[in-house]
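Please find below a colleague's note on the model under review. The coordinates should be kept open while the points are read.

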Amino acid sequence: MRYQVVCAGIGGRGVLLASTILIETAIAGGYEARASDEYGMSQRGGSVVSLIKVGDFKSPLVGRESADALLAFEESEFFRNIAFLRRGAVVVVNGKEEDLRSSVRLMLTERSIGYYPVDADGIAAELGSPQASNMAVLGVFACVAGEPFSFGAVGNMIRQKKSGRLAEKNYEVFQKGYDFARNRYECKPL
């Protein structure tokens, strides 16, 4: 298996926690995994990009039009990082479908890129954990990505990363994101 993921957002939105969960999920599943993080004034709301490679790769960097998936924790970061996506990739965006410009929608369709928007901020706020919107994005990703990022594997890692009430809240937001996706999109088998 070879799988490349780009996680993109702004500082303070949980990009690095989400990418750590994905990396450790892959490793726990018996896969080799590498990562590289880029911080752009992350403490002040600047861009944060985490590149994840699962499989037999020499370098942790993801090249242009090579990523199998993009997780955009901010809609603006989707547009900044769209060049990473290969044909047939998937993208999960913290945003609303109606906000997508028709020209971008056409490009995604022409390149067979699956576009999965989710109001992750709304889901997290509804559950009383507005800081956990990254978990809703992971929930949608667990629906559309398949192995090694299945619902059970990612969910188990979320519970292992934190303990107590925080872990349960994160898991609850993750579950709600997954349920949102399951009701709207075609999920990979559990």
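1. Basis of the note. This is a predicted model, in which local features need pLDDT of at least 70 and side-chain atom pairs count only at pLDDT 80 or more, whereas totals for chains, interfaces and linings use all residues. Residues are numbered from 1 along each chain as its sequence is written, and side-chain values use heavy atoms, with hydrogens and water left out.

2. Overall fold. The protein chain contains seven helices and six strands (DSSP runs numbered from the N terminus: helices are H or I with at least four residues, strands are E with at least two). In sequence order the pattern is β-α-β-β-β-α-β-α-β-α-α-α-α.

3. Dimensions. The C-alpha trace of the protein chain spans about 45 × 40 × 40 Å along its principal axes.

4. Burial. Of the 190 residues in the protein chain, 53% are buried, where buried means under 20% relative accessible area with a 1.4 Å probe, protein chains only.

5. Strand β3. All eight residues of strand β3 (residues 47-54) are buried. Both faces are covered, with Ser47, Val49, Leu51 and Lys53 on one side and Val48, Ser50, Ile52 and Val54 on the other. Strand β1 (residues 3-10) pairs with β3 in the antiparallel sense over eight bridges; strands pair if DSSP finds at least two bridges between them. Within this pairing, Ser50 in β3 is the bridge partner of Cys7.

6. Asn94. This residue is in strand β5 (residues 85-94) and is buried, with a relative accessible area of 6%. Its side chain reaches the backbone nitrogen of Ala120 at 3.1 Å. The side chain of Asn94 also makes a polar contact with the side chain of Asp121 (3.1 Å). A polar contact is a pair of N or O atoms within 3.5 Å; within protein, one must be able to donate a hydrogen and the other to accept it, and residues adjacent in sequence count only if both atoms are side-chain atoms.

7. Val140. This residue lies in helix α5 (residues 133-145) and is buried, with a relative accessible area of 0%.

Notes. Buried means under 20% relative accessible area, exposed over 50%, partly exposed in between (1.4 Å probe, protein chains only).
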